[in-house]
Amino acid sequence: MTRLTLTFLLASSVAVTPLMAATANNADGATVEYRKQWHSDILTGYQNLATQGQTLASQAASYCQTPSPEGFEQSKQAWLEAFLAWQQVRFVDFGPVEHRNRAWQFQFWPDPKNLVARKASYLLKEGAPITPEKISESGVAVQGFPMAEYLLYDQAFNGSDSALPADHTCKLLVEVTRHIADNGQSLANDWKGFQANYLGSDQYTDTTIRSAMAGLEILEERRLATPMGLRGNGKRSVYSADAWRSETSLAAMGASVQGLKQSFLPAFSELLAERKQPDLAEQIAQQFDEVLANFPELERPMAPLLADDSAYKLLQSLYIDITQLTSLVNDRAAVELGVVRGFNSSDGD
Amino acid sequence: MHELTRRSLIKTALAGSAAITLSGCTLLPRKATGHSPQQYTGALGLPDNHFAVGAIAPDGTMLWQSPVDTRCHSGCNRPDTAQVVFFERRPGWAFYVFNSESGERLHRIEAAEGEHFVGHGVFSPDGRFLYAPANRYEPGEGIVAVYDSQRGYQRAHTFELNGIGAHQITMHPDGQTLIVGLGGILTHPDYDRIKLNLPTMKPALLMMDRLSGDVPARFQPSHHQLSTRHVDVAPDGTVYAAYQYQGPAHELRPLVARYRNGRYEEIDFGEAIHRELGNYIASIVAHPESDLVAIASPIGGTALIFNGHSGEVVGKASLPDCAGVEALVGGDFLVSSGRGKLVRMGKNKAATGVASMSVRWDHHLV
């Protein structure tokens, strides 16, 4: 008897229709209005990245032309602004950012083998001219923010003979930041060109929601829980975080949440409201603000917070806020909308 | 045919020569070619974020679970023995040999230096040699690494594939030809799972002589980004390949190819079904008792059965994160999902739930 009931329940749950199929059954382009909004909001983020990337490249070129301590500090600041602009749109994992692994080009991470440092050392010792072609052929560990961060911030490197503004290092910084700027500009342009396909395929509604879900999961699990020692070997380690050299891991998390709020949440809230979930939409909006209320106080280096148990509480508080946000979006809202990020579908083979 | 009758038949077949064993294969689900009748093994994600390999009976009863160090992907049964092999997921640094009746771990064999496994393997019909596709990762060369199970799984041979991204391998019913899916995607373990050569991929379906390593046939899909990962073969020798398209999501391409009578052709299921498959197929299995073939797409949350000769879809179900497929005695298929569901599917009938478990099933059942 029990067994029969079980089978019946399972049989009915198999028939749950995913969003993609649901929209296909409804009038054509049922969710196109939301994609219009997402397209526009993400474009704003990409254009900001393009602008900040351009500023970074110009600043690096100008510093290397006339090196000065002030110019060095301004270059670091320009790196940070551009890096945070990237963090805001980092969740988008589909469309033109997939082209030639652009997302990886912007930020090669995680880097457990410290390829960034090894590649820098190799390029600088090799003595071969640093050209745009050299950067293009050297792989993603060379092409983005972590490489520029290494040249600007790495303590050991900054104490070495190769430290900025050494000629060869300057050349590398200029070309890497130029590569970032070019990628930012191409990405913004390509995203504009992607509009017709994005609006024309209902499946991109699911894809966009999944990308935000993945972004939140990576934020919670890999960017925060892992360095906090809540995963893996259980040891706290700032080296498991990204951007530890510039001590901006936490600021970057704040920027990513801010980016989701600006580029993802508006259309998502409307979609939830339209699916008769206005209360959930409101809860999610409030939880975004709860997470963001940890900042700017938490825009500080992560290492000291990991080293001190009472300071660690600040990280725990952020972690709890983020898990609640992730749970609202990835569990509750996703279930309401029939969007699944699965064991197999999210990382296939 | 009742199961008991089948089992008696298998035993008879196993007692005979290799040729008879093979003809037995053509009549029966390959599950039944090992000692364990009607048992399905898969890689598992556990609720505590640890990993295991587990075996189930057709009714969904978990027969055993054996812990492993990291997430596994697929494997193969060793003919005429109670052994099942499972490979770590790409980049796979080891494979495990289990007693398929008890789940006891018998061996853990590490990949050779400079190589990693890709999640799949198959045995020679006599159960002696294990053929494991692998990646020689510095030069990025696809190979088939051959292990001798009679010598404690020592490395016996290496066959070159002259291509990148070897993935699933299976044995043709002739007992001589290995069928290999060459995904075409270059990866390197230092670079996570980044696809390093999307513009220049050269995926292919390969036929390889299992003794010489010669590759007498190589077929290319209609687009260079149709990663030819998964393969299976019907008892009549018809070969099936399943693709994963690496281009933009809004482009729909063929996802299944068939090779028979000297012709390699792609099957078009029509636009509506292709949308439901999300450009990605995780498993393809040809039923040993019929002309039916089943595929599952976790991206599309869709599993379907089609007629191998006509390409007509004769059964379809929505099942979030479905991926694993195997043939059931009697003509149906068993489908597993990353959400712990096991579902029975058949021609022209509604899918029925078999079990719902707290484990997450990885891509394949064997």
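What follows is a tour of a few spots in two chains.

Before we start, keep in mind that this is a predicted model.

**Chain B in outline**

Chain B has 29 strands and three helices. Its 366 residues include 54% that count as buried. Now look at contacts in chain B between residues at least 6 apart in sequence: 47% of them join residues at least 24 apart.

**An open sheet**

One sheet in chain B is made of four strands, and they line up as β3-β2-β1-β29. The sheet is open, and the pairing is antiparallel. Which strands stand at the edges? They are β3 (62–68) and β29 (360–365) of chain B, and each has a single partner strand, so one side of each has no neighbour in the sheet. On average, neighbouring strands here are turned by 30° against each other, direction ignored.

Zoom in on one pair. Strand β2 of chain B covers residues 51–56, and six bridges link β2(B) to β3(B) in the antiparallel sense. If you want to find one of the bridges yourself, go to Ile56(B): its bridge partner in β3(B) is Met62(B).

Val84(B) sits in strand β5 (residues 83–88) of chain B. Is Val84(B) buried or exposed? It has 25 other C-beta atoms within 10 Å, and 20 or more count as buried, so Val84(B) is buried. Leaving aside its neighbours within four places in sequence, the contacts of Val84(B) include Gly75(B), Asn77(B), Phe98(B) and Val366(B). Thr41(B) is in contact with Val84(B) too. These two are 43 residues apart along the chain, yet their C-alpha atoms are separated by 8.1 Å.

Lys347(B) is found in the loop between β27 and β28 (349–356) of chain B. With 15 other C-beta atoms within 10 Å, Lys347(B) counts as partly exposed. Again leaving aside neighbours within four places in sequence, Lys347(B) is in contact with Leu292(B), Ile305(B), Val314(B) and Gly315(B). The C-alpha atoms of Lys347(B) and Val314(B) are separated by 5.4 Å, although the two residues are 33 apart along the chain.

**A helix with two sides**

Over to chain A, and helix α15 (residues 278–292). It has 15 residues and reaches 21 Å from its first C-alpha to its last, close to the 21 Å expected at 1.5 Å a residue. Four residues of α15(A) are buried: Ala281(A), Ile284(A), Phe288(A) and Val291(A). Why do they end up on the same side of the helix? They cover an arc of only 85° around the axis, which puts them on one side of α15(A). Here's the general idea: an α-helix has 3.6 residues a turn, so residues three or four places apart point the same way.

Among what covers those buried residues are α13 (249–263), α14 (265–274) and α17 (309–337) of chain A. On the other side of α15(A), you'll find Asp279(A), Gln286(A) and Asp289(A) exposed.

**Where the chains touch**

Last stop: 30 residues of chain A are in contact with 36 residues of chain B. On the chain A side, the elements giving two or more residues are α1 (2–14), α2 (19–25), α11 (195–200) and α12 (203–225). Which of them gives the most? That's α1(A), with five residues. Sorted by class, the side of chain A that touches chain B has 15 nonpolar, 13 polar and two charged residues.

Key. Residues are numbered from 1 along each chain as its sequence is written. Chains are lettered from A and ligands numbered from 1 in the order in which they are written. This is a predicted model: local features need pLDDT of at least 70, side-chain atom pairs count only at pLDDT 80 or more; totals for chains, interfaces and linings use all residues. Two strands pair if DSSP finds at least two bridges between them. Axes are lines fitted to C-alpha atoms, for helices over the stretch in contact, and angles run from 0 to 180 degrees between N-to-C directions. The expected span of a helix is 1.5 Å times one less than its number of residues. A residue is buried if 20 or more other C-beta atoms lie within 10 Å of its own, exposed if 12 or fewer, and partly exposed in between; C-beta atoms are placed from the backbone. The arc is that of the directions from the helix axis to the C-beta atoms. Two residues are in contact if their C-beta atoms, placed from the backbone, lie within 7 Å. Ala, Val, Leu, Ile, Met, Phe, Trp, Tyr, Cys and Pro count as nonpolar, Asp, Glu, Lys and Arg as charged, and the others, Gly among them, as polar.
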